Amino acid sequence: MENHQLYRQTLSFHLSEIQRLGHPVVIFGAGRAGWYIMQVLEQNRIPIAAFCDNNPAKQKHYHGYRVLSAQDLKQTYPDAYIFLGVFVPDTATAIQKQFRVDMQYTHVFFDMAAFLFAYFTTVARRPCNETILAESIGILFENYREGAIHYGYTKGGFFVSPFVTSVITQKCSLRCRDCAQFIPYYTKPLHISVESVIADLRQYAKAFDVVPEISLHGCEPFLHPNLKEICHEVA
């Protein structure tokens with residue numbers, strides 16, 4: 001079974017099990033990974049009972065949902081259906097032990113790759129080849145198994161890029177004294193053309209199996225008149 005089929009099958013299983021069991025759904029991780037899961041569940045009209053996080057500083061609210069400690073979760077939702085919103089598999093393994101072994105939860109799942117695929121294809125509706133996207137997500141999570149921050153060759157032989165920064169404009173609304181881009185010294189700052197930005201990024205990406213992140217920078221990238229087009233092409 002190819003990755004895109006596996007991811008769809010995994011999400012379909014969870015949606016049907018949630019409906020069948022009727023257990024409250026909880027997302028562990030009040031951060032970016034948990035946000036992706038939240039978006040997919042909301043898209044599929046699955047009620048989210050709460051978030052949970054081990055960090056006391058996050059145990060308030062996240063996007064309108066309560067964020068509970070593990071202890072409060074056990075008291076409030078002892079039969080919760082829990083999705084782990086984390087990226088690093090080793091971290092997920094430790095959290096699964098916390099909930100399954102220490103707290104006796106039965107339904108604790110780390111299917112972050114499937115949720116990422118679902119987010120990009122059904123929520124963001126990213127216009128790309130879904131088979132290639134699924135393969136890339138698979139490689140990405142193999143890379144996460146190497147460590148939280150890793151680039152170069154994975155144990156499986158895939159070549160992973162460092163995070164990429166693309167400067168798309170020299171223009172800025174500020175004149176910071178210690179500007180890393182030396183903006184105060186430009187006499188005629190320019191916007192970089194869409195064609196140049198995209199051509200450079202495409203050429204760069206050809207050298208790798210996966211580019212985990214592309215960050216568009218300036219100066220001030222929101223001043224670029226074609227920012228929407230650049231984002232679309234990069235995506």
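Here are some exercises on this predicted model, each with a worked solution.

Residues are numbered from 1 along each chain as its sequence is written. In this predicted model, local features need pLDDT of at least 70, side-chain atom pairs count only at pLDDT 80 or more, and totals for chains, interfaces and linings use all residues, while side-chain values use heavy atoms, with hydrogens and water left out.

**Exercise 1. Get an overview of the protein.**

Task: find how many helices and strands the protein has, and what share of its residues is buried.

Solution. 
- Start with the elements: there are eight helices and ten strands. Helices (H or I, at least four residues) and strands (E, at least two) are DSSP runs, numbered from the N terminus.
- Next, the extent: along its principal axes, the C-alpha trace spans about 65 × 40 × 30 Å.
- Then burial: 41% of the 235 residues count as buried. Buried means under 20% relative accessible area, exposed over 50%, and partly exposed in between (1.4 Å probe, protein chains only).
- Last, contacts, meaning heavy atoms within 4.5 Å: among those between residues at least 6 apart in sequence, 65% join residues at least 24 apart.

**Exercise 2. Walk across the open sheet.**

Task: work out in which order the six strands lie, and which strands sit at the edges.

Solution. 
- The order is β3-β4-β2-β1-β5-β6, and the pairing is mixed. Two strands pair if DSSP finds at least two bridges between them.
- At the edges are β3 (61–62) and β6 (108–109), each of which pairs on one side only.
- Now go through some pairs. Strand β2 (residues 50–52) runs parallel to β4 (residues 65–68) over two bridges, with Phe51 opposite Val67 in β4.
- β1 and β2 are also parallel, over three bridges, and Val26 stands opposite Ala50 in β2.
- To get from β1 to β2, the chain passes through helix α2 (residues 32–43), and this β-α-β crossover is right-handed. That means that, with the strands pointing away from the viewer, the path from the first strand over the helix to the second runs clockwise.
- β5 and β6 pair in parallel over two bridges, with Phe83 opposite Phe109 in β6. Together with helix α4 (residues 89–102), β5 and β6 make another β-α-β unit, right-handed.

**Exercise 3. Explain how α5 is placed.**

Task: say why α5 is described as largely enclosed.

Solution. 
- Count the burial: ten of the twelve residues of α5 are buried, so the helix is largely enclosed by the rest of the structure. Among them are Met112, Phe115, Phe117 and Tyr119.
- Then find the partners: the buried residues pack against α1, α2, β5 and α6.

**Exercise 4. Check Ser166.**

Task: is Ser166 buried or exposed?

Solution. 
- Locate the residue: Ser166 lies in strand β9 (residues 164–167).
- Apply the cut-off: Ser166 has 10% relative accessibility, so this residue counts as buried.
- Not counting residues up to four places away in sequence, Ser166 touches Val197, Leu201, Ser215, Leu216 and His217.
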